[in-house]
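Here are my notes for you to read beside the model. Go through them slowly, and keep the 3D view open while you do.

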Amino acid sequence: MILNRRDFFKAGCVTSAALGLNLFSPTIFKRRLIAQPGDGKKKMIFIFQRGGNDGVNTVIPRGDAQYNTSNRPTLFIPEAQSIDLGNGFAQLHPMMDPIMEIYNNSALNGVDGPGNLAILHRIGYSGQSQSHFDSQQYWENGTPGQPYNGEGMIYRKVAETIDLNENRFAAAAISGSQMVALSGPEPIPALRDPSKYTFRGSASRVRKYLGRLPSTPRGGDGRGLLGLYGGPREAGKPFRGKVYDTGLALADSMSIVQSAVQQGAYTPENGAVYPGGSFGEKLETVAMLMKRTPVQILGVNIGGWDTHTRQGQIYGNHGNLLQNVAEGYRALYRDLQSMWDELVIVTMTEFGRTSKENGSLGTDHAYACVVFVAGGGVKGGVYNCDATTWRSGDMFSERDRYVRRRTDFRAVFAEIFTQHFGDDPALLDSIIPGYSSLARQRPSDYRYLNFLA
Amino acid sequence: MGKRSVIAWSGALVLLLGVAQGSAAAQETDLNFRRADANADGIVDLSDGVRILLALFTGRVGISCRDAADTDDNGRLEVTDATAIFEFLFREGAAPTAPYRVCGADPTPDDLGCEAFDLCPQGPSTPTAREDVVHLLNRAGYGPNRDTIDYVEAIGIAEYIEEQLSPASIDESDNTVLRTRENALFTERLPAKDTVLLPAGSVWHYRKGTSEPPATWKNPGFVPTEPEWQIGVTGIGYGDGDDVTILNDMRGNYLSVYMTTTFEVPDVSAVDRLVLRVNYDDGFAAYLNGTMIVREGISGNPPRYNQTAASHDATGAEDFDVTARKSLLVDGTNTLAIQVHNRDLDSSDLSMIPELVSREILPGDPVRVIKGIDELQQLLHVRGIYSRKQLQAVLGEFWENHFTTDYDKLVEYFGELKNSDANDAMGEAQARAEAAQVEYLEYEFFYENALGNFGDLLLYSATSPSMLVYLDNVLNFKREPNENYSREAYELFAFGVDNRYTQRDIEVLARAFTGWFVCKVDPENALAFPDSARNPPATCGVQFRDTEIVGLGSGWKYFKGTREPTPDATGAPTTAWTQVDYDDSGWLNGATGIGYGDGDDRTVLNDMRNNYVSVYLRREFTLDDPMSVENLIFTAIYDDGIVVYVNGQEIGRSESMDDADGQIPAYDFTSEAHERDEDSFDKNLNGFRRLLNPAPAKNVLAIQVHNTNIGSSDLSILPRLLDREILPGSVENGDPNAVWTFRFEASEHDTGSKVLHQGTPWQISIPSRTGAAGVNDAIQVLDAMANHPSTKEFICIKLIQRFVSDQITLNAFKHSPQSVPIELRELLADSIDAWSDTGGSIDAVMRVILDPQNRESAFWSDLARRSKVKTPIEVVNSSIRVLDGLATGADLPEITDEIGMHFFTRDDPDGWSENGAAFASTNSFLEAFNFQHKLATNAEAAYRFNARQFVSGLSTADDIVDDLISIMFPGAVPEANRQILIDYVSTSTSGTPLPLSSTRSDFTSRVEELVALMLSMPQWRFQ
């Protein structure tokens, strides 16, 4: 997969108005031969719902007679209170009403249409793990069954298709620690609050502290922090690349993020209102960075989905989380209209939850779950949750306890990579190891849902 | 290209061969390099020749190692060096001169130099004695500092390790810094007994602050008159969901509310300490018998009616000790008056829930309690930075992280408990304090037994109240086992992921753990470990006796909610139907339970489903002397929601009804479903006793019951009104003197026989055990688990990973053992032997891992040295420690959190990674660098560094840099890096060269900035 490990030195100069610095731009990444560089315009926001979202109460399979009060005594949502999704089968949790603005409208023109929200039910993978740790790892590394593969699927998409030496801020996580999905040999930036993503002290102190890179990679003639992190590395020891490159990536991404911050306070457009709390703040940061920096892919987390106890029916923990997500989608939809046609917003979650409610007013770890995809090129509608594909009782189609998957999550992302980003399908085997052979083995799992057709 | 045109080589190979080469003290020109690799990229290929030509003819590219570019080693850089490479690559020309196949230093003296060649190992191959010491301090502690280095060098490495393995032998009596810092994190709590004089949820008179009331309003004897003064039950306020009396018109109209009530004190001399407990938003002034006793967030005496208060949220009751004012109390009737103020007219909420408590200090020794969770987190830093028992501090953290639990979940659990008098067992503040103390006691056990027996650690953790709550064993019932803990016991605490157990084992173990709960006992009845685990109490000390005032059965009137029972002129609901004198003769007669669909109803509402969603109930009762009822308790089993009234006053509503304020109309659904077998609705009504009429006058209990939707399959209401007498000796959940302990309840235990690890040599067969012996089911498994091969393997690997190298993990060892270096596999085998010989002694395992005599072991090998990335707590502790910094502990948990790690509050049960590289992110580095800059430049009060003192006796840049290197990371800094540091401290801020001088005024600040840079060096991120 790594095509060429040689270092190239590229003399460059990024002027950062924010830091008042002239930073030599370090060639911190091993230059890869980019198989098929994109035009840099297509973008993606991915939202990881940590803990496992209860897909059955999110997108209700009303047509399945097993969705009833005996299976879900306190969680059952009556038909009258659910949002009809128009296919005579699926209904949406009432607290997700804000997302219907995308489902019902293709643009902010007030015209009802097929909409730009695809609701994908029964997404999972074969050999489903019910451990949070393993299953989150699989969704992020794209290699189910390999919990210790710490390299992210989306990282590989970035590394294979974006020249990280040209775009030093091609992707980032809005998170203090890096998401596995964006982890790999070359550090992808992670940040919390852009305004605080800077070194402390006066401009002259920071300038001296940062110093400059050596004139040759790993050379000894640098100065300050850049001289140290860009200088010689102890050979034969582990983690040197990780640590030194992270230091260099910090300096690089900082200058780009500070340039964005310097443009002033951020005002959302088109009446977008982000939900309160940290998730809404993160999404507002996402929108700001999408508009003011060359970033193409951003990831955010929203936690709290592990609803073993007191999940709540309409109001309550689960409803609040869903409302947060729906309001977030609506705000991004309004705010990012200027790039809506270039954008995809997609959710991930490690598993769905048991179709039967447990004894603690909640649900336990299960199998397949729901994915939401929105964007200007998205063909709205409900996929994998309709009377033709979902027979009554399918709520218990897996081991008499769970909803069985119908589509592998890797096919959902393969569709996004090829149909949205326009990546060469031949690249999929590099981004999602074993993709073509898996697709041959399990054609139905990997059939595109065509939500981007 | 031909076959040998590109010769790939691995760093590891070169490392092994390079070490054999050896070389004395490295100078700048003596760096190890690889001949002909002119661009130092690890490959000799075309680009090396091109690089030489470009350097010679354009001068636009540099060559960092000119010795390497001197292909023929003739001491000159010339075109033939490039052409020799091409000859070699394409025409079978001569190979480059040594060192070519392996790294090495230049064998011939010449004028060329080698400034950098990072792909070759540099420096002496034999570590110096100083490097040994620093390596040991990095692993068996939180890094080096001057004193400890001196100490180890004085007594020797073997003696130091011996001391660390016997922490009890280490004398810290003169370590005043540690003692002072530690003591500051604790407080002494006297045993005390609280008696509530005026409960929360009492009846008050209140007056809206639309104007100034008469000055006498707060005095005893003042007679509040309607309509200016109204009657309401606390909480009084609006907007934040904790109010019973809701002021819907307050926002935008008035800023304050005046409240007054009376309470009885039979004997003032019996009041020892007096506490006003208030949950409030935003500010208030309280008056006892007319005199102000507490004022918060507002000025003036009295504050004026239209004054604003400082912002304050009602997040839990806060205690104000007003013992100094207890002389204001009188025998008999007393008056408490409160004015509560909002922060502005548009504020979204207001709250006032006061309580007055008499506190008796009991005989007995004060208890040492941790001040809070932040202080507990600080304890890990304080011990890590200052204790001489460094290994114990590291292992204490290691076990705490291994057996991780979540303080937040414990707070939530405690906060939802009730006492047997149906009041909340404790407020938020007490819940936080008790959760912190439980976490402290758990950590302290791990710390004290850090080198003890693993089986004890495992059993302690399984029975610790914190773990029982965290992983839901307290929710593990016979009829519905909860697998949460049993899964993690295998996966995370003992065997390791997928290491010789099955899903069936998890399910059987969950059954073995049924009946494992927690409770509070008096301290004198608390058992010490291991008795606390092996012989737990069966019941808690809660004892009470109920007398029914209103029982289940006949005497009820009910009204079907097909329409509003008593609408006003506009059709809106009123409470007229709840009043004592309401004429209910037109209502139906019935017996409780009332409802349909779930088999518990004596009065069945066959027509309710799909017809109406609510039903209204009334019941008359009499009481001879309401004030003599010890605890007046309303309790009801219900489905799905209720609002309850006594004599026309609402006394409470279920959670499923509290999404709406005010009167609930007959047609309203509940916000959520609630089933009859879920928690009952229990409410202490002592605050309402004064509303009750003594016999022969009547009282009325009224209830409206709502369904969750019109088609619901059931509805239930089974209400009772009780007089509950709490018996002497009862130990309640909220008793602040009692301590939390593991409890085994045989009636909830699955007594069936059980088989685990079936078909393996370690099969466990559990017979059917009944009664108290049932606790042995899970203990038998835990005892066996502690010495199962999987546990030995997993725990020894984790210890080796922590102390030696990340190149071993359970997964790598199980699935590709050849990828684990042989030294580590040998160390693992020796560790497991030591475990087996001693039945799981961690001391024995650590002796093997740290063995100072075995210089061939992995710990002392090159693969261990500087191979681990520091975790966030290691970054923080080592940075302060190495500078002899003065830290109180404050702020450090927050900083560690920002760098990526927080203890006691991690959500996930897997604990933090032992691999520090897992925390590396640009944000984590940024937070660390900024912390290190603040530390070095003495910018914060909470952690300080005295630069001048630290470098006293040193004055030149070279001396200072070399001294710091020799303490922080001896042998790890290449000359090029050293030069950067010397330049850094020898230039002004603007970058102008300016020699460092100890007589210049900027000496200290320049040293501080140097130290900041050195703390952010890549070398300091390794250990």
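**Notes on the two-chain model**

1. Let's start inside. The largest nonpolar core has 330 residues, and the members that touch the most others are Leu120(A), Ile800(B) and Ile849(B). A nonpolar core here is a set of buried Ala, Val, Leu, Ile, Met, Phe, Trp, Tyr and Cys residues joined through C-beta atoms within 7 Å. Buried means that 20 or more other C-beta atoms lie within 10 Å of a residue's own; 12 or fewer makes a residue exposed, anything in between partly exposed, and C-beta atoms are placed from the backbone. The element that gives the most to this core is α7(A), with 11 residues. Apart from it lies another core, of 44 residues, including Ile633(B) and Phe634(B).

2. Before going on, a word on ground rules. This is a predicted model: local features need pLDDT of at least 70, side-chain atom pairs count only at pLDDT 80 or more, and totals for chains, interfaces and linings use all residues. Residues are numbered from 1 along each chain as its sequence is written, while chains are lettered from A and ligands numbered from 1 in the order in which they are written.

3. What does Leu120(A) touch? Leaving out residues up to four places away in sequence, its contacts include Val370(A), Tyr383(A), Asn384(A) and Phe451(A). Contact means C-beta atoms, placed from the backbone, within 7 Å. Have a look at Asn384(A) too: its phi is positive, about 65°, although it is not a glycine. Asn384(A) sits in the loop between β13 (381-383) and β14 (407-408) of chain A, and it is buried because 22 other C-beta atoms lie within 10 Å.

4. Chain A as a whole has 13 helices and 14 strands. These are DSSP runs numbered from the N terminus: H or I of at least four residues for helices, E of at least two for strands. Of its 453 residues, 58% are buried. Helix α4 (residues 153-161) of chain A has 9 of its 9 residues buried, so it is largely enclosed by the rest of the structure. Those buried residues pack against several elements of chain A, among them β3 (43-49), β8 (171-174) and α10 (409-420).

5. Now for the place where the chains meet: 63 residues of chain A are in contact with 65 residues of chain B. On the chain A side, α7(A) gives the largest share, 8 residues. By class, that side has 25 nonpolar, 26 polar and 12 charged residues. Nonpolar covers Ala, Val, Leu, Ile, Met, Phe, Trp, Tyr, Cys and Pro; charged covers Asp, Glu, Lys and Arg; the others, Gly among them, are polar.

6. Over in chain B, helices α23 (residues 872-882) and α25 (residues 922-936) pack at an angle of about 20°, with their axes 11 Å apart. They are therefore roughly parallel to each other. The contact brings together Val875(B), Val876(B), Ser879(B) and Ile880(B) of α23(B) with Ala928(B), Phe931(B), Gln932(B) and Leu935(B) of α25(B).

7. Arg881(B) also lies in helix α23 of chain B, and it counts as buried because it has 22 C-beta neighbours inside 10 Å. Arg881(B) and Asn145(B) are 736 residues apart in sequence, yet 6.1 Å apart in space, C-alpha to C-alpha.

8. Finally, check the cis peptide bonds. One runs from Thr592(B) to Gly593(B), with omega near 0°; another runs from Asp639(B) to Asp640(B), with omega near 5°.

Definitions and conventions: Two residues are in contact if their C-beta atoms, placed from the backbone, lie within 7 Å. Axes are lines fitted to C-alpha atoms, for helices over the stretch in contact, and angles run from 0 to 180 degrees between N-to-C directions. Angles under 35 degrees count as roughly parallel, over 145 as roughly antiparallel, 65 to 115 as roughly perpendicular and the rest as oblique.
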